[in-house]
Amino acid sequence: MIVTTKNLEIKQRLLSECLRIQNVQIQTAKSAMDEAQESANEHQGAGIEDKFESFREACQIQRDMFAKQMDEAITVLAILKRIVATKENKIITLGSVVHTNLQKYFVSASVGEVQVNGEKYFAISTMSPIFKAMADKTTGETFTFRDKQYQIEEVF
(Lines give C-alpha, C1' and ligand atoms only; values in the text may rest on other atoms or scores of the structure.)
Protein backbone atom coordinates (compact mmCIF):
# COMPACT_ATOMS: atom_id res chain seq x y z
CA MET A 1 0.00 0.00 0.00
CA ILE A 2 2.97 2.32 0.62
CA VAL A 3 3.90 2.15 -3.08
CA THR A 4 0.36 3.18 -4.06
CA THR A 5 0.45 6.19 -1.70
CA LYS A 6 3.87 7.23 -3.09
CA ASN A 7 2.61 6.79 -6.66
CA LEU A 8 -0.50 8.85 -6.04
CA GLU A 9 1.62 11.56 -4.41
CA ILE A 10 3.82 11.66 -7.55
CA LYS A 11 0.71 11.85 -9.76
CA GLN A 12 -0.77 14.66 -7.66
CA ARG A 13 2.50 16.62 -7.80
CA LEU A 14 2.72 16.11 -11.58
CA LEU A 15 -0.84 17.34 -12.01
CA SER A 16 -0.22 20.35 -9.74
CA GLU A 17 2.90 21.30 -11.69
CA CYS A 18 1.08 20.95 -15.05
CA LEU A 19 -1.77 23.13 -13.73
CA ARG A 20 0.75 25.72 -12.52
CA ILE A 21 2.53 25.78 -15.91
CA GLN A 22 -0.79 26.12 -17.74
CA ASN A 23 -1.98 28.95 -15.50
CA VAL A 24 1.29 30.81 -16.15
CA GLN A 25 0.78 30.36 -19.91
CA ILE A 26 -2.76 31.74 -19.64
CA GLN A 27 -1.57 34.78 -17.65
CA THR A 28 1.33 35.40 -20.07
CA ALA A 29 -0.98 35.25 -23.09
CA LYS A 30 -3.54 37.49 -21.38
CA SER A 31 -0.90 40.09 -20.47
CA ALA A 32 0.51 40.09 -24.01
CA MET A 33 -3.01 40.35 -25.46
CA ASP A 34 -3.87 43.29 -23.16
CA GLU A 35 -0.58 45.01 -24.01
CA ALA A 36 -1.21 44.66 -27.76
CA GLN A 37 -4.73 46.09 -27.29
CA GLU A 38 -3.37 49.02 -25.26
CA SER A 39 -0.81 49.79 -27.98
CA ALA A 40 -3.56 49.77 -30.59
CA ASN A 41 -5.76 52.05 -28.45
CA GLU A 42 -2.97 54.52 -27.66
CA HIS A 43 -2.38 55.14 -31.36
CA GLN A 44 -6.02 55.79 -32.23
CA GLY A 45 -6.65 59.19 -33.67
CA ALA A 46 -2.97 60.08 -33.89
CA GLY A 47 -2.06 62.68 -36.50
CA ILE A 48 -0.68 60.79 -39.50
CA GLU A 49 -3.59 58.42 -40.12
CA ASP A 50 -2.19 55.96 -42.71
CA LYS A 51 0.98 55.18 -40.80
CA PHE A 52 -0.83 54.64 -37.49
CA GLU A 53 -3.73 52.75 -39.06
CA SER A 54 -1.39 50.00 -40.27
CA PHE A 55 0.33 50.00 -36.85
CA ARG A 56 -3.06 49.63 -35.17
CA GLU A 57 -3.98 46.77 -37.51
CA ALA A 58 -0.69 45.04 -36.67
CA CYS A 59 -1.48 45.42 -32.95
CA GLN A 60 -4.98 43.97 -33.51
CA ILE A 61 -3.50 40.97 -35.36
CA GLN A 62 -1.04 40.46 -32.52
CA ARG A 63 -3.83 40.74 -29.95
CA ASP A 64 -5.88 38.13 -31.84
CA MET A 65 -2.88 35.79 -31.94
CA PHE A 66 -2.42 36.09 -28.15
CA ALA A 67 -6.18 35.62 -27.64
CA LYS A 68 -5.97 32.37 -29.63
CA GLN A 69 -3.00 31.22 -27.51
CA MET A 70 -4.96 32.03 -24.37
CA ASP A 71 -8.01 30.09 -25.61
CA GLU A 72 -5.83 27.07 -26.39
CA ALA A 73 -4.20 27.27 -22.95
CA ILE A 74 -7.66 27.45 -21.30
CA THR A 75 -8.73 24.36 -23.28
CA VAL A 76 -5.63 22.48 -22.06
CA LEU A 77 -6.35 23.62 -18.50
CA ALA A 78 -9.88 22.15 -18.80
CA ILE A 79 -8.38 18.79 -19.85
CA LEU A 80 -6.00 18.85 -16.89
CA LYS A 81 -8.90 19.58 -14.52
CA ARG A 82 -10.62 16.36 -15.68
CA ILE A 83 -7.75 14.21 -14.36
CA VAL A 84 -8.41 12.42 -11.09
CA ALA A 85 -5.01 12.30 -9.38
CA THR A 86 -6.31 10.13 -6.54
CA LYS A 87 -7.09 7.23 -8.87
CA GLU A 88 -4.47 4.62 -9.72
CA ASN A 89 -4.59 3.55 -13.36
CA LYS A 90 -3.84 -0.02 -14.44
CA ILE A 91 -3.93 0.67 -18.17
CA ILE A 92 -2.48 3.66 -19.99
CA THR A 93 -5.14 6.34 -20.44
CA LEU A 94 -5.68 10.03 -19.56
CA GLY A 95 -4.19 10.62 -16.11
CA SER A 96 -1.75 7.71 -16.18
CA VAL A 97 1.84 7.97 -15.07
CA VAL A 98 3.96 5.63 -17.20
CA HIS A 99 7.50 4.51 -16.41
CA THR A 100 9.31 2.87 -19.34
CA ASN A 101 12.85 1.65 -19.70
CA LEU A 102 13.64 4.83 -21.69
CA GLN A 103 11.53 7.67 -20.21
CA LYS A 104 8.74 8.58 -17.81
CA TYR A 105 5.44 10.07 -18.97
CA PHE A 106 2.37 11.73 -17.53
CA VAL A 107 -0.59 11.35 -19.87
CA SER A 108 -2.32 14.69 -19.45
CA ALA A 109 -1.67 17.52 -21.88
CA SER A 110 1.26 18.57 -24.05
CA VAL A 111 3.00 20.60 -21.38
CA GLY A 112 6.52 19.31 -22.03
CA GLU A 113 9.11 18.36 -19.45
CA VAL A 114 7.99 18.43 -15.81
CA GLN A 115 10.25 17.78 -12.80
CA VAL A 116 8.95 16.04 -9.68
CA ASN A 117 11.20 14.81 -6.85
CA GLY A 118 14.22 15.45 -9.08
CA GLU A 119 12.84 13.09 -11.75
CA LYS A 120 12.05 14.10 -15.32
CA TYR A 121 8.60 13.33 -16.73
CA PHE A 122 7.18 14.27 -20.10
CA ALA A 123 3.61 15.52 -19.95
CA ILE A 124 2.00 14.28 -23.17
CA SER A 125 -1.51 14.56 -24.57
CA THR A 126 -3.79 11.76 -25.68
CA MET A 127 -3.44 13.16 -29.20
CA SER A 128 0.35 12.65 -29.32
CA PRO A 129 1.81 9.89 -31.50
CA ILE A 130 3.68 8.31 -28.57
CA PHE A 131 0.47 8.09 -26.55
CA LYS A 132 -1.24 6.37 -29.49
CA ALA A 133 1.60 3.80 -29.48
CA MET A 134 1.21 3.07 -25.74
CA ALA A 135 -2.56 3.53 -25.26
CA ASP A 136 -4.43 0.78 -23.40
CA LYS A 137 -1.22 -1.12 -22.56
CA THR A 138 -0.20 -2.06 -19.04
CA THR A 139 2.84 -2.93 -16.91
CA GLY A 140 5.08 -5.54 -18.54
CA GLU A 141 3.96 -4.85 -22.10
CA THR A 142 6.07 -3.27 -24.82
CA PHE A 143 5.43 -0.82 -27.64
CA THR A 144 7.47 0.59 -30.50
CA PHE A 145 7.77 4.27 -31.27
CA ARG A 146 10.15 5.80 -33.85
CA ASP A 147 12.01 2.51 -34.22
CA LYS A 148 12.65 2.26 -30.47
CA GLN A 149 11.29 -0.56 -28.31
CA TYR A 150 9.82 0.63 -24.99
CA GLN A 151 9.28 -1.72 -22.05
CA ILE A 152 6.50 -0.53 -19.73
CA GLU A 153 7.89 -0.91 -16.21
CA GLU A 154 5.02 0.65 -14.27
CA VAL A 155 1.62 2.28 -14.85
CA PHE A 156 -0.26 4.16 -12.17
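A residue is termed exposed when its relative accessible area is over 50% and buried when that area is under 20%, with partly exposed lying in between. In this predicted model, Asp-147 has a relative accessible area of 79% and is therefore classed as exposed, since this value is over the 50% limit. Asp-147 is located in the loop between β5 (142-145) and β6 (148-155). Its phi is near 65°, a positive value in a residue that is not a glycine.

A positive phi, of about 55°, is also found at Asn-117, again not a glycine. Asn-117 belongs to the loop that connects β3 (112-116) and β4 (119-124). With a relative accessibility of 44%, Asn-117 is counted as partly exposed, because this value falls between the 20% and 50% limits.

The largest nonpolar core contains 17 residues, among which Leu-14, Cys-18, Phe-106, Val-111 and Val-114 touch the most other members. At least two residues of this core are supplied by each of α1 (2-42), β3 and β4, and the largest share, five residues, is contributed by α1. Residues of both domain 1 (1-82) and domain 2 (91-155) take part in this core, so the core lies between the two domains.

The surroundings of Cys-18 may be described individually. When neighbours within four places in sequence are left aside, Cys-18 is in contact with Leu-80, Phe-106, Ser-108, Val-111, Val-114 and Ala-123.

Technical notes:
Residues numbered from 1 in each chain as written. Predicted model: local features only at pLDDT ≥ 70, side-chain atom pairs only at ≥ 80, totals over all residues. Heavy atoms only, no water. Helix = DSSP H or I, 4+ residues; strand = E, 2+ residues; numbered from the N terminus. Buried < 20%, exposed > 50% of the residue type's maximum accessible area, 1.4 Å probe, protein only. Core = buried A, V, L, I, M, F, W, Y, C linked by side-chain atoms within 4.5 Å. Domains from an automatic or database assignment. Contact = heavy atoms within 4.5 Å.
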